[in-house]
Amino acid sequence: MVIKNQEYTVHIIGMTNEGNGVGKIDGFTVFVPLTAVGDKVRVKIVKVCSSYCYARLEEILESSSDRIPIDCDAFSQCGGCVYRHISYESELRLKQQQVQDAFERIGGISTDYLPICGSEKISGYRNKSQYPLAVDIEGKPYAGFYAMRSHRIVPCERCLLLPDQFESIKRKILDFIAENDISIYDEKTGKGLIRHIYLRHAEKTGEIMVVLVCTRKRLPHADRLIEIFSSDPNIASIVINVNEKNTNVILGESCFVLYGKEQICDVLCSNKINISPLSFYQVNRNQAEKLYEIAKDFAGLTGSEILVDLYCGAGTIGLSMAKQVKQLIGVEIIPQAIENAKENAAQNGISNAEFICADAAKATQMLLWRQLSPDVVVVDPPRKGCGESVVRDIVVMKPKKVVMISCNPATAARDCAMFQEQGYCCVKVQPVDLFPRTAHVETVVLLSKLQTKQHIEINLDMDELDLTGAESKASYDEIKSYVKEHTGLTVSSLNIAQVKQKCGIIERENYNKPKSENSSQPKCTPEKEQAIKSALKHFDMLEGD
Ligand code: SAH
């Protein structure tokens, strides 16, 4: 029995997706923030629930070899980083496992998990910051970040994830606010003018956008603010965003330009990309390029395809592939982002692209009406994923491939499982880290359409089969482990399925079926085929020679 406020010694044996260490006290699960796998720690219990509890770290008795010195005062208080106390290599290991666990446990998916693509920059990589504002006891304005799952503002002088320039810009704005006695918004009373300072940096061109999120359009002494920044050649745009609602959502719907352009321009995958304050743009530009390259590689484009880019934002992904396809259709719900996408196509000389401003679910219905038959659909949904109706509509359009990009492995796994149930095979999964030191990780998945005719035949076979035969003798994981142990080769479930099929061992419904000649499904190499056959023989699933 674990008791609140009591101290215990705990060995940390795992990590949650939020970056909390996991240990056991007499078999009872305890979560301890700021610990690392391999730590032995003294903790104090702060909250007890029915099957787990939370504890506070009191003392590190034995330190994990993953640990590194902490370099930020706000770490543990602000809701940004969760991994500043462990090496980047160990963080990548955890993220790889997190993605794999989500796909296996939530999606029930066994596939090829490619090694995570880490970020070259682990500091200063973020091109965007939104600082909530508050006033201290002396009435002086300060900027900070929200604490985890809270609206308490943690002051932070220098965030290591942000570019150097942001610090001095933020400082100048705070001084401007103080000198001109401009009021800060108070969430409790709903009074006050300025809510957030929002900065964006286009890394390739150097352009910076300054946005003040205000409860009204009119900013007193705006000319003074313009004067402060007009001498800085990198400040390309100053905008007032109006949000008068009492809400957690940071940005309002309308923007007014005070100075310079309506948007800033970056270069991504060799395309000039305009970004408005309300348009989504990946926060880690360099890694976003790698992410889109991987997605393009998974799509395997030849120049003749019709490509649909769902949740396209400012069009970045589709436009990075536009020269390799016949036709591109992008779909996005935010009007300003669609405006950007159209400008972006035009300014890069891309004329085979069309952009539709609509909810993804409605747009897929519309595309079905148009009897569009895309060859490839790329989806890059927000954290909640595509959901059932969008998956269903995509399936009805019968694309040969779906490339899913997702910032939430759990909903990606759920959506991929739905695709699998509806005749798609999850060929490979590639985690990409766009958010070093934070709990977030991006994933790219290739889903490939199974051949319907063969798919149906196999379902019939399944009905007639008694699965106590060869199929049930060894699991895919057992076969993979056997192959790894005996040959050092890593084989995927798809490879095993291909060999089983070839050898006449009936396949499970979800795995791959024999492919036609022109299929783009990756083939199993002769070396791997041989190794899998040996494993099948070992498990008495295949007769020896
Ligand atoms: N693919 C883009 C944007 C990805 S972020 C990029 O890589 O930059 C997800 C995008 O989905 C956001 O632009 C968001 O505005 C959009 N979105 C959110 N809900 C949507 C919906 N229901 N229908 C269409 N787009 C949506």
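This is a predicted model: local features need pLDDT of at least 70, side-chain atom pairs count only at pLDDT 80 or more; totals for chains, interfaces and linings use all residues.

Ten of the 13 residues of H9 are buried, so the helix is largely enclosed by the rest of the structure. The buried positions are Pro409, Thr411, Ala412, Ala413, Asp415, Cys416, Ala417, Met418, Phe419 and Gln420.

## Geometry and ends of H9

Helix H9 covers residues 409-421, and because each residue should contribute 1.5 Å, its 13 residues should span 18 Å, which agrees with the 18 Å that separates its end C-alpha atoms. At the start of the helix, a side-chain oxygen of asparagine 408 comes to within 3.0 Å of the backbone nitrogen of alanine 410. After H9 comes glycine 423, whose phi is positive, near 95 degrees.

## The open sheet

Eight strands make up an open sheet of mixed pairing, and their order is S7-S22-S23-S21-S20-S17-S18-S19. Its edges are strand S7 (112-113) and strand S19 (353-357), each of which pairs on one side only.

## Strand S20 and its two neighbours

Strand S20 (residues 376-379) pairs with strand S17 (residues 306-310) in the parallel sense, over four bridges. Within this pairing, leucine 307 has valine 376 as its bridge partner in S20, while aspartate 309 is partnered by valine 378. S20 is also joined to strand S21 (residues 401-406) by four bridges, and these two strands run parallel; here valine 378 stands opposite valine 403.

## Cysteines

How many disulfides does the count give? With a disulfide taken as a pair of cysteine sulfur atoms within 2.5 Å, the count comes to zero. For cysteine 265, which is in no disulfide, the nearest cysteine sulfur is that of cysteine 269, 14 Å away. Cysteine 269 is likewise in no disulfide, and the nearest cysteine sulfur to it, that of cysteine 117, lies 13 Å away.

Since buried means under 20% relative accessible area, cysteine 265 counts as buried at 11% relative accessibility, and cysteine 269 counts as buried at 16%.

How values were computed:
Residues are numbered from 1 along each chain as its sequence is written. Side-chain values use heavy atoms; hydrogens and water are left out. Two strands pair if DSSP finds at least two bridges between them. Buried means under 20% relative accessible area, exposed over 50%, partly exposed in between (1.4 Å probe, protein chains only). The expected span of a helix is 1.5 Å times one less than its number of residues. A polar contact is a pair of N or O atoms within 3.5 Å; within protein, one must be able to donate a hydrogen and the other to accept it, and residues adjacent in sequence count only if both atoms are side-chain atoms.
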